[in-house]
Amino acid sequence: MTTTQTSVVHDLGTLAHRLSHPARTPCVCEPPQVLADRPDGTVVRSGAIVAKAHAADADREALAARIALAAAPQLAGILLPPLTAPAPAAPTARPVTLWPLGAPVDPTDPGAAPWAEAADLLARLHRTKPPFPLPPMRGPAKAARAVARMRAALDGDATAVSRETGDATAPPRVPAVEPRVPAALSVLAGWRALPAWARGEAPAPARRGGSLCHGDLHLGQLVRHPAPDGPWLLIDMDDAGVGDPAWDLGRPAAWYAAGLLAPEDWSIFLDAYRSAGGPAVPADGDPWPALDVPARALTVQTAAVALAKCAAEQRDPDEHEQLMIESCARIATLPPELATGPAS
């Protein structure tokens, strides 16, 4: 951990401790616990309080609107409300928010994953009229950032990529990274096969936009509050906004298509979403014309993040990562969208 990271973690722990611990009482608290530490989100817990430092380059106005959304009465029982709005900070500092502690999904018990509850929360979120003007949902932008992250992580492999693409002037490829080169090319091919709106390069078609969306749905975005047995709520609103509600179903759809999510779990999720009146897919019939593009984009995003991690850790993709990469190769052979209409 760098000196800057250590300072951020310390400051977050101090903030959370001050709010969690009564003043002028003997302190028997456990040391602050780091729950996540990434450039786009450092999260530290002290007692029943969680402090989060958001990305340094976050759009402050958009972030404030998203945090206000989590506090809006219309979203009670759907989103975990914050304890504070983003604190004022210097332009170079990371904005900070404080939240009540929730109990996350147990990663060691996949059979207990709350797929039906997640689907119900999404449907209720998608049916809620935005209570005030909001920025666009950042799902496509997040996918684009993942591809950029992969490219940056593989900069050390640039000579190998050049050889793969036919640049005869490039020096010999580096053997240690050679297995990742065709994988990266498959991901980029899948990315180029997406319509422009799914790459964050154009607005979503009118038929797809307009709903209140989470923007980054996965099981890590659910907690029980109050912990440990309260109702499930959605957390992490950094990517929320108005957009295509199918995007929030895209990651489970991608996992199902790649063979990572069991058909019975997918059915539970989809049936619960439809039963709750979710607008992202038709009430019956084939859901894939609506889900296809978001599922493809999130497949590419997942594979790109995996390859960035592989490059950083100097390893080859594991079995699950390889399945997503292989899905990208299939995506590259398909037309931009299943449904009729313009690609972007």
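**Pocket, sheets and backbone**

Q: How much space lies in the second largest pocket?
A: This is a predicted model, in which local features need pLDDT of at least 70, side-chain atom pairs count only at pLDDT 80 or more, and totals for chains, interfaces and linings use all residues. Residues are numbered from 1 along each chain as its sequence is written, and side-chain values use heavy atoms, with hydrogens and water left out. A pocket here is an open set of points on a 1 Å grid over the protein atoms alone, where a 1.4 Å probe fits, with protein on both sides within 12 Å along at least five of seven lines; its volume is the space filled by probe spheres set on the points, which are joined across faces, edges and corners. For the second largest pocket this space is about 260 Å³.

Q: Which residues that line the second largest pocket are the closest to its centre?
A: Lining residues have an atom within 4 Å of a point, and the second largest pocket has 17 of them. Helix H4 (139-153) and strand E9 (241-243) each supply at least two residues of this lining, where helices (H or I, at least four residues) and strands (E, at least two) are DSSP runs numbered from the N terminus. The closest to the centre are Pro136, Met137, Pro140, Ala202 and Ala204.

Q: At what angle to E8 does helix H3 run?
A: E8 belongs to an open, antiparallel sheet of three strands in the order E5-E7-E8. Helix H3 (residues 115-127) lies across E7 and E8; angles run from 0 to 180 degrees between N-to-C directions, with axes fitted to C-alpha atoms, for helices over the stretch in contact (heavy atoms within 4.5 Å). The angle of H3 to E8 is about 50°.

Q: Is H3 roughly parallel or roughly antiparallel to H7?
A: H3 and helix H7 (residues 247-258) pack with their axes 10 Å apart, at an angle of about 150°. Angles under 35 degrees count as roughly parallel, over 145 as roughly antiparallel, 65 to 115 as roughly perpendicular and the rest as oblique, so H3 is to H7 roughly antiparallel.

Q: Where is Pro226 found?
A: Most peptide bonds are trans. The bond from His225 to Pro226, however, is cis, with omega near 0°, and a cis peptide bond also joins Ala227 and Pro228, with omega about 5°. Pro226 is found in the loop between E7 and E8.

Q: What is phi of Asp236 near?
A: Most residues other than glycine have a negative phi. Asp236, in the loop between E8 and E9, has a positive value, and its phi is near 65°.

Key: Two strands pair if DSSP finds at least two bridges between them.
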